[in-house]
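Here is a short report on one protein model. It moves from the core to the sheet, then to a helix and a loop residue.

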Amino acid sequence: MLRHIVLMRLDAETDEVRLVRSAQLAAALAALPDRIPEIRSLTVNENVLNRQGNWDLALTVDVDDEADLQVYREHPEHRRVLALIEEIVADRSAVDVIV
């Protein structure tokens, strides 16, 4: 199984805006497993400690293999969420590992 892990830092001027955007993005991501059959597991966690340097969201997506990851990445529902990510995420980091 392949695990895709993404950390995101939101573009937000205030903590209130950050909380709203975090909840909005978390909900959009959490809806993907019902729409993309290649996703075996998806978790999205919002940061609970507002410490300097912390990321705002952590996403973990499990798929069977690299081919399924590519299907996930190109799926229209994922692309819809990517549009939101491009709008509200200031920085992201990702890693893909075998589990």
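In this predicted model, the largest nonpolar core holds 24 residues. Those with the most contacts inside this core are Met8, Leu25, Leu29, Leu32, Leu59 and Tyr72. Six elements are named as giving two or more residues to the core: β1, α1 (15-30), β2, β3, α2 and α3.

Take leucine 59. Beyond its neighbours within four places in sequence, leucine 59 is in contact with His4, Ile5, Val6, Met8, Leu29, Leu42, Thr43, Val44 and Tyr72.

Now the sheet. It is open, has 4 strands, and runs in the order β2-β3-β1-β4 with antiparallel pairing. β2 (41-46) and β4 (89-98) stand at the edges. Each has a single partner strand, so one side of each lacks a neighbour in the sheet. On average, neighbouring strands are turned by 15° against each other, direction ignored.

How many bridges join β1 to β4? There are 9, and the two strands run antiparallel. Histidine 4, for one, has aspartate 96 in β4 as its bridge partner. Helix α3 (residues 76-88) packs on this sheet and touches β1 and β4. The direction of α3 makes about 130° with that of β4.

Next, helix α2, which spans residues 66-74. Its buried residues are Asp68, Leu69 and Tyr72. Seen down the axis of α2, they fall within an arc of 105°, so they line one face of the helix. These buried residues pack against β1, β3 (57-63), α3 and β4.

Aspartate 56 lies in the loop between β2 and β3. Is aspartate 56 buried or exposed? Its relative accessibility is 7%, and the cut-off for buried is under 20%, so aspartate 56 counts as buried. Leaving aside its neighbours within four places in sequence, aspartate 56 is in contact with Met8, Arg9, Leu10, Arg18, Ser22, Asn45, Glu46 and Asn47.

Two aspartate side chains reach backbone nitrogens, as tabulated here.

| Side chain | Backbone nitrogen reached | Distance |
|---|---|---|
| Aspartate 65 (side-chain oxygen), at the start of α2 | Alanine 67 | within 3.2 Å |
| Aspartate 56 | Leucine 10 | 2.6 Å |

Tyr72 is one of the buried residues of α2, one of the residues with the most contacts inside the core, and one of the contacts of leucine 59.

Conventions. Residues are numbered from 1 along each chain as its sequence is written. This is a predicted model: local features need pLDDT of at least 70, side-chain atom pairs count only at pLDDT 80 or more; totals for chains, interfaces and linings use all residues. Side-chain values use heavy atoms; hydrogens and water are left out. Two strands pair if DSSP finds at least two bridges between them. Axes are lines fitted to C-alpha atoms, for helices over the stretch in contact, and angles run from 0 to 180 degrees between N-to-C directions. Contact means heavy atoms within 4.5 Å. Buried means under 20% relative accessible area, exposed over 50%, partly exposed in between (1.4 Å probe, protein chains only). The arc is that of the directions from the helix axis to the C-beta atoms. A polar contact is a pair of N or O atoms within 3.5 Å; within protein, one must be able to donate a hydrogen and the other to accept it, and residues adjacent in sequence count only if both atoms are side-chain atoms. A nonpolar core is a set of buried Ala, Val, Leu, Ile, Met, Phe, Trp, Tyr and Cys residues joined through side-chain atoms within 4.5 Å.
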